[in-house]
Amino acid sequence: MPAAASETPVSAYTGSGVVEQVEMIEAQVDPDTTYAVAWGDNPPVERAASEDPEKTLDMARDGALGRTQTSLISESRGEIDGHTSYDFLARNAGGGILNGRLILKGTKLYMQIATFPNTGARHEEDVKAFFDSFKLTTTGK
């Protein structure tokens, strides 16, 4: 993490609207810039998608966009260490930027998030370094 991190549970919603908790660590570089990683083993979105990898990642992306009130600008799909991944870029009405990366490893879902107050505060090399710093391990944590 690019700054001191704190761990906190965050709400995740099932397909039927039930709230469950998943873990998240976040670091605020400044009051308007945050880097975070959230994860869950068999999280609600994965179960709601009937464990379909593409559907799981689509639903997780859409949930992140909805919760942050952002609109999708672009996305790319790929693989990280042989696991399905999505990178996406979104913007809110005030000009704030959200970069997200989702990785599905079996039933474990990881989401990396970097948020910025505007495009001028966002630096591609910082986002890339943050995303690339995350490594999957054999234990999945």
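Contact is taken here to mean heavy atoms within 4.5 Å. In this predicted model, Leu102, once its neighbours within four places in sequence are left aside, is in contact with Leu57, Ala60, Arg61, Thr84, Ser85, Tyr86, Phe88, Leu109, Tyr110 and Met111. Leu102 also belongs to the largest nonpolar core, which comprises 18 residues and in which Leu57, Phe88, Leu102 and Leu109 touch the most other members. Two or more residues of this core are contributed by each of strand E2 (19–30), strand E3 (33–41), helix H2 (53–68), strand E5 (83–92), strand E6 (97–105) and strand E7 (108–116), and among these elements H2 gives the most, with four residues. Another core, of eight residues, lies apart from the largest one and includes Val37, Ile97, Ala114 and Phe116.

Aromatic pairing was examined across the whole structure, and four pairs were found. One of them joins Tyr35 and Phe130 in an edge-to-face arrangement, with 4.9 Å centre to centre and 65 degrees between the planes. This pair links distant parts of the chain, since Tyr35 is in strand E3 whereas Phe130 is in helix H3 (residues 124–133), 95 residues apart. Tyr35 counts as buried because its relative accessibility is 5%, and Phe130 is likewise buried, with a relative accessible area of 6%. Phe130 also pairs with Phe131, and here the rings are tilted, at 5.9 Å centre to centre and 40 degrees between the planes; Phe131 is buried, with a relative accessible area of 6%. Tyr35, Phe116, Phe130 and Phe131 together form one aromatic cluster, and Phe116 is also among the residues of the eight-residue core.

Technical notes: Residues are numbered from 1 along each chain as its sequence is written. This is a predicted model: local features need pLDDT of at least 70, side-chain atom pairs count only at pLDDT 80 or more; totals for chains, interfaces and linings use all residues. Side-chain values use heavy atoms; hydrogens and water are left out. A nonpolar core is a set of buried Ala, Val, Leu, Ile, Met, Phe, Trp, Tyr and Cys residues joined through side-chain atoms within 4.5 Å. Buried means under 20% relative accessible area, exposed over 50%, partly exposed in between (1.4 Å probe, protein chains only). Rings of Phe, Tyr and Trp (its six-membered ring) pair if their centres lie within 6.5 Å; planes under 30 degrees apart count as stacked, over 60 as edge-to-face and the rest as tilted.
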